Amino acid sequence: MLLELKNLMVSYKTLEGRVLAVDKVSLPVEEKKTLGLVGESGCGKSTLGGAILGILPRETKITGKAIFNGTDLISMPSKELRFIRGKDISMIFQDPMTSLNPVMKLRDHFLETIFTHTKTSKEDAIAMAEQALKEVGISSNRLNDYPFQLSGGMRQRVMIALSLVLNPKLVIAD
């Protein structure tokens, strides 16, 4: 089993008290399989992905387990989880314009991701970025562009390329 969620619960602190966003979710995710969660807007799908990756606000209360490759991500210290995020588990966010830094060129987004998790030369990292863009149908000469210079669809494909550039074991598509 690549990932197994066990009684995962997530609640947010609000002015009116705690609001339960995810209630006792248990599900297996097998290696090399696709799992789709369907639900109306606001039902907790994005919150579930954020809980797995440990990227929710500090005041968020998360209980239960998210076992990834034998390790519980929920109880893992944030500093350790940082090394799994982006390399072993990646996420394609809904809105690429808020996920991409508007003052960074695409090349720098890729280099930051690659250098955070690998000991790769700059030349090899750029080659990896070019290949990732090619795989989503974007010319490598766009690496010098800023996110605002791309259409919404191109920005989304850049996010997909960024999430796949290190060949993660698990991709969460929000």
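The model is predicted, so local features need pLDDT of at least 70 and side-chain atom pairs count only at pLDDT 80 or more, while totals for chains, interfaces and linings use all residues. Residues are numbered from 1 along each chain as its sequence is written, and side-chain values use heavy atoms, with hydrogens and water left out.

Helices (H or I, at least four residues) and strands (E, at least two) are DSSP runs, numbered from the N terminus. Two strands pair if DSSP finds at least two bridges between them. In this model, 4 strands make up an open sheet in the order 2-1-3-4, with antiparallel pairing. Strand 2 and strand 4 are the edge strands, each pairing on one side only. Strand 1 and strand 2 form a hairpin with 2 residues between them, and 9 bridges join these antiparallel strands; lysine 13, for example, has arginine 18 in strand 2 as its bridge partner. Strand 1 also pairs with strand 3 in the antiparallel sense, over 7 bridges, and here serine 11 stands opposite lysine 61. Strand 3 is joined to strand 4 by 2 bridges, with phenylalanine 68 partnered by threonine 71.

Another pairing involves strand 5 and strand 6, which run parallel and are joined by 4 bridges. Methionine 91 stands opposite isoleucine 172 in strand 6. In a regular strand, side chains alternate between the two faces of the sheet. Both faces of strand 5 are covered: Ile89 and Met91 on one side, and Ser90 and Ile92 on the other, are all buried (under 20% relative accessible area with a 1.4 Å probe, protein chains only; exposed is over 50% and partly exposed lies in between).

The next topic is the nonpolar cores. A nonpolar core is a set of buried Ala, Val, Leu, Ile, Met, Phe, Trp, Tyr and Cys residues joined through side-chain atoms within 4.5 Å. The largest has 22 residues, of which Leu3, Leu5, Phe68, Leu73, Ile89 and Leu170 touch the most other members. Elements giving two or more residues to this core include strand 1, strand 3, helix 1 and helix 2. Apart from it lies another core, of 21 residues, among them Leu111, Ala132, Leu150 and Leu162. Contact means heavy atoms within 4.5 Å. Beyond its neighbours within four places in sequence, leucine 3 is in contact with residues including Leu27, Ile52, Phe68 and Leu170.

Helix 1 is largely enclosed by the rest of the structure, because 7 of its 9 residues are buried. Those buried include Thr47, Gly50 and Leu53, and their cover includes strand 1, helix 2 and strand 6. Glycine 54 follows helix 1 and has a positive phi, near 70 degrees.

Finally, aspartate 72 sits in strand 4. Aspartate 72 is buried yet has no salt bridge, and the nearest side chain of opposite charge, lysine 65, is 4.0 Å away. A salt bridge is a side-chain nitrogen of Lys or Arg within 4 Å of a carboxyl oxygen of Asp or Glu; Lys and Arg count as positive and Asp and Glu as negative, with His and the chain ends not counted. The aspartate 72 side chain does reach the backbone nitrogen of alanine 66 at 3.0 Å, and one of its polar atoms lies 3.2 Å from the backbone nitrogen of isoleucine 74.

How values were computed
A polar contact is a pair of N or O atoms within 3.5 Å; within protein, one must be able to donate a hydrogen and the other to accept it, and residues adjacent in sequence count only if both atoms are side-chain atoms.
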